[in-house]
Amino acid sequence: MRVRFAPSPTGALHVGGARTALYNWLLARGGGGTLVLRIEDTDRERSTPENVEQILDALDWLRIDYDEGPISQVERSERHQELLQTLLDEGHAYRTNATKEDVDAFKAEHGADRGYRGSDEGAGAVRLHVPDEGESVVRDVIRGDATFAHVHLDDPVIARADGSVLYNFAVAVDDMDAAITHVVRGEDHLSNTPRQLLVLEALGAGPPIYAHLPLLHGADGKKLSKRHGAASVQELRDMGYLPEALDNYLALLGWGAEDDETILSVKELAQRFSLERVSKNPARFDHQKLRWMNGRYIRALPTDELTVRLEQFTGRSGLRDAVAICQEKMQTLADFEPLAGFIFDGPADDPKAREKWLDEDGRGALADVHAALEPLHPFTLEQVQTALEGVVAARGAKPKQVFQPIRVALAGTAISPGIFETLTVLGRDESLARIARALYP
């Protein structure tokens, strides 16, 4: 098995492209095959080295490695010209100066559903001869057979008048030369496939096996776009998602394991993945489901490993104790700063929280808390918990009537990790100082 991922470097790698790359990778790794990375950079105005680097960076972060490449399509121009000339010499293609108006006139005369047929003029763009009889059949693992009658297909332009080849010709040649056995790509390429089959047939090559993946929709059922939030791999990385969680989630967008298992490592995904179980219906990319899955992965990480990732993500150091008390509440790496930033930067300023919890009763509770915590030596989790539960009991209060004022004093807001753990991480002196500042601002 030889598969390929062939992105166009006209922008960042979006989630749809990332899923295509992942499916090709799973096929190659699960079936002992080869994954070829080809950069389809024939659009010279929009293809930039920076975009190529973005794609390579995204694949590296997702841990999608490849066996051959990256191969630049532009750098294969000499080979494209060689085979283009072969088709011209053998009569499979011809040069013509036909314009859009000429094509429209042909259809007006022969019928709108009649494919355009031209004749050799010795100059101009290159078109491929399409026979009037017969049909091209796209045999698709996901969608079944799709038949295209030749009589309805225009003679396609495969090279411009300046000799530069067009997408459908270059793709067919590159797939043929790389001996690609399976072409797995988005369904938006399905309409291109008959033209590529005609090129392959003219070159005397057999077709690969095709699998056109369903498009991705947002949670609202509409085609995924920027209005649905982050669209590129880098944006999702910056939002604090883990690569293994994103791989797991993308794999399940349109494909499902036979036992409906949800949390699967890439090794398990590669062992189970099959094109036959990919749905032809659009799949929905839902940030909330991705957040849930990412939270599962975060909670499963060893605390030391999560600390390393968070220190890289935040640029902070010495986070281990704070990570330990936040891990159960986090769904993304970006959740850490709102939960624990106050530990390092001091309390936030939330007027509503102060007004609600630091009223007369709240300050009274804080005064009792300060008195209960001050004599504690050592300042351990067990001692802190016992002391605070004693304050709650002595005041005849509900726990939140004592704990929320402490939380606001320590964090500046009504949201923080567990109150006993937070006090312990801050330590006796810092905790007492923050409580005192809340009592006597």
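This is a predicted model: local features need pLDDT of at least 70, side-chain atom pairs count only at pLDDT 80 or more; totals for chains, interfaces and linings use all residues.
The volume of the largest cavity is about 40 Å³.

Select its lining next: F5, A21, L35, V36, L37, L59, I64 and Y66. Colour these residues by type. Eight are nonpolar, none is polar and none is charged. Now show strand β2, residues 34-39. Strand β2 gives the most to this lining, with three residues.

Move on to L310. Select helix α11, residues 303-314, and L310 is in it. Is L310 buried or exposed? Its relative accessible area is 0%, under the 20% cut-off, so L310 counts as buried. Show what surrounds the residue. Leaving out residues up to four places away in sequence, L310 touches G315, L319, V323, M330, L333 and F336. Then pick two C-alpha atoms, those of L310 and T332. They are 10.0 Å apart, with the two residues separated by 22 residues along the chain.

Last stop: T422. Display helix α18, residues 419-426, where T422 sits. T422 has a relative accessibility of 0% and is therefore buried. Which backbone oxygen lies 2.8 Å from a polar atom of the T422 side chain? The one to select belongs to G418. With residues up to four places away in sequence not counted, T422 touches I325, F342, L410, S416 and P417.

Methods:
Residues are numbered from 1 along each chain as its sequence is written. Side-chain values use heavy atoms; hydrogens and water are left out. Helices (H or I, at least four residues) and strands (E, at least two) are DSSP runs, numbered from the N terminus. Buried means under 20% relative accessible area, exposed over 50%, partly exposed in between (1.4 Å probe, protein chains only). Contact means heavy atoms within 4.5 Å. A polar contact is a pair of N or O atoms within 3.5 Å; within protein, one must be able to donate a hydrogen and the other to accept it, and residues adjacent in sequence count only if both atoms are side-chain atoms. On a 1 Å grid over the protein atoms alone, a cavity is a set of points where a 1.4 Å probe fits but cannot get out, and a pocket is an open set with protein on both sides within 12 Å along at least five of seven lines; lining residues have an atom within 4 Å of a point. Grid points are joined across faces, edges and corners, and a volume is the space filled by probe spheres set on the points. Ala, Val, Leu, Ile, Met, Phe, Trp, Tyr, Cys and Pro count as nonpolar, Asp, Glu, Lys and Arg as charged, and the others, Gly among them, as polar.
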